[in-house]
Amino acid sequence: MKSPKRRDFLKWCAAGAAAVSAARAQRTARAAPAPAAAASGSPLAGRRPNIILIMTDDQGYGDLACTGNPVIKTPNIDRLYGEAVRFTDFHVSPTCSPTRASLMAGRHEFKSGVTHTILERERLSPKAVTFPQLLTAAGYATGIFGKWHLGDEADRRPDKRGFQETFIHGAGGIGQTYAGSCGDAPGNRYFDPVILHNGVFEKTQGYCTDVFFAQAARWIEERKGKQPFFAEITPNAPHGPLVCPEQYEKMYADKVDANVAKFYGMITNIDENVGRLLAKLKEWAIEKDTLVIFMTDNGSATGSRVYNAGMRGAKGSAHNGGTRVPAFWRWPAALRPGDRGQLAAHLDIFPTLAELAGAAVPDEVRAGLDGFSLLPVLADAAASWPDRCLVTHVGRWARGKAAESKYANCSIRRGPYLMVSRGGPNAWDLYDLKSDPGQAKDIAAQHPDVVKELAAIYDKWWADVLPCLENEDAVGPAVNPFKELYWKQYGGPGPNNAPPGEGQDEPAPPKKAKAARKA
Ligand SMILES: [Ca+2]
């Protein structure tokens, strides 16, 4: 595979722009309604389309024009939205690694040992089975392009977790450095980043998001037609530090404050990359048979003060705005565009994609899943769907404080009700999201039966997950594995070779001290 050189990148940009406007789906299939409550019986099971999962970092539900943002420009994702099945009540975890752990293993992240984004607690348990492993076993080509953030050590990286092709930065963001295992290549930057490609660093050219999408497109082009593929594209944008090519930032400079202008600029750049990729799928004649999923990994980090789709809470919160994200599924050969109001989650992607790929799920793995296959609902808006509960816990407690953090920053959702802890036992606020989507009125006193029932479910859940927290006392290596590998490959010292903790390009401290280590 070639390195992402500037010539290739420019060629990619030019080729994509022209065809974007014509990228409308040619037809939608008349998918038969799925049998009620029988995920494994869906007519979509085993159809084995190509699958592209795009998951951006720190972009919230409201950071798109198609979800109502009055300022931002996202014409390509808006078009995808118009051609997709849209989940309107789709949830993830409140921060980066937790969402990625739940996505990969189909189980609440605590069950895979992930309770933070740093401190070794971002590392996915080696015992966790990932759905890319099952897709690989089922004959799919699998690749990840962008952020992994589930462990930087050699035995934790995505090549050991089901991805055949890996093109990733380290830690939770380009240039991030923390003590222990979680740290990127030394001195790494958003422009011309050094990227670990199948275990070997490459010095790329261009802006990080462009680099990740371009490499994904190269890989897809090589695989198309040979075998079905699963490409996960996970840009670190628009996560801070807020850096983007100047022309995107300028689009918003006179409309919003400087930070939001950069944040929106990073998203508009993502949008252009999505447009180029969709145009390529059409050009390669694989558009109809490729499922494209667009989603994000937590509530908005920077944009919620401008527009938050009427929700309370943002990244790092157990309120609705911390976990509800866009989830658009476009598959022209099989899905009719439309909205789905079912309470769905990242947890559902594992069983959904495994079923779609015809992948065998071992019984013991299936028994441990917290998610449900979305295939019946994707095919039919009226398909039955379980009356499920979603538990959110922000984690991030101080070292050694897991047991006493039971009620810190947590919530439980069922039906229209979201019950949010005020920080102690018997201290729950209850909201009806259907009549009160902005969570303005606590109705716990009017519904003691609901509070009691949800609290009992929460108590059981906590008792179940507490023994799974295997990373709490983990001690990381003295040197970040990415830095060690970088110095081994390139030697040192040099201008980019400061030791960990000295001169590294850490994100600027957020304004609020308590949010300082969110990733
Ligand atoms: Ca994130």
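A residue counts as buried if 20 or more other C-beta atoms lie within 10 Å of its own, as exposed if 12 or fewer do, and as partly exposed in between, with C-beta atoms placed from the backbone. Colour the protein chain that way: of its 519 residues, 55% are buried.

This is a predicted model, in which local features need pLDDT of at least 70, side-chain atom pairs count only at pLDDT 80 or more, and totals for chains, interfaces and linings use all residues. Residues are numbered from 1 along each chain as its sequence is written.

**Whole chain.** Switch to cartoon. The protein chain has 13 helices and 17 strands. These are DSSP runs (helices H or I, at least four residues; strands E, at least two), numbered from the N terminus. Now consider contacts, meaning residue pairs whose C-beta atoms, placed from the backbone, lie within 7 Å. Among those between residues at least 6 apart in sequence, 69% join residues at least 24 apart.

**The sheet.** Select the 10 strands of the open, mixed sheet, in the order E7-E6-E5-E4-E8-E1-E9-E11-E2-E12. Go to the edges, E7 (200–203) and E12 (338–340): each has a single partner strand, so one side of each lacks a neighbour in the sheet. Pairing here requires at least two DSSP bridges between two strands. Neighbouring strands are turned by 15 degrees against each other on average, direction ignored.

**E5 and E6.** Select 165–168 and 194–197. These strands, E5 and E6, pair in the antiparallel sense over 2 bridges. Pick Ile168; its bridge partner in E6 is Leu196. Axes are lines fitted to C-alpha atoms, for helices over the stretch in contact, and angles run from 0 to 180 degrees between N-to-C directions.

**H5 against H7.** Show side chains at the contact: Thr209, Asp210, Phe213 and Ala217 of H5 meet Asn269, Ile270, Asn273, Arg276, Leu277 and Lys280 of H7.

**H2.** Last stop: select 75–82. Which residues of helix H2 are buried? Asn76, Ile77, Arg79 and Leu80. They cover an arc of only 155 degrees around the axis, which puts them on the same side of H2. The arc is that of the directions from the helix axis to the C-beta atoms.

Note on methods:
Contact = placed C-beta atoms within 7 Å.
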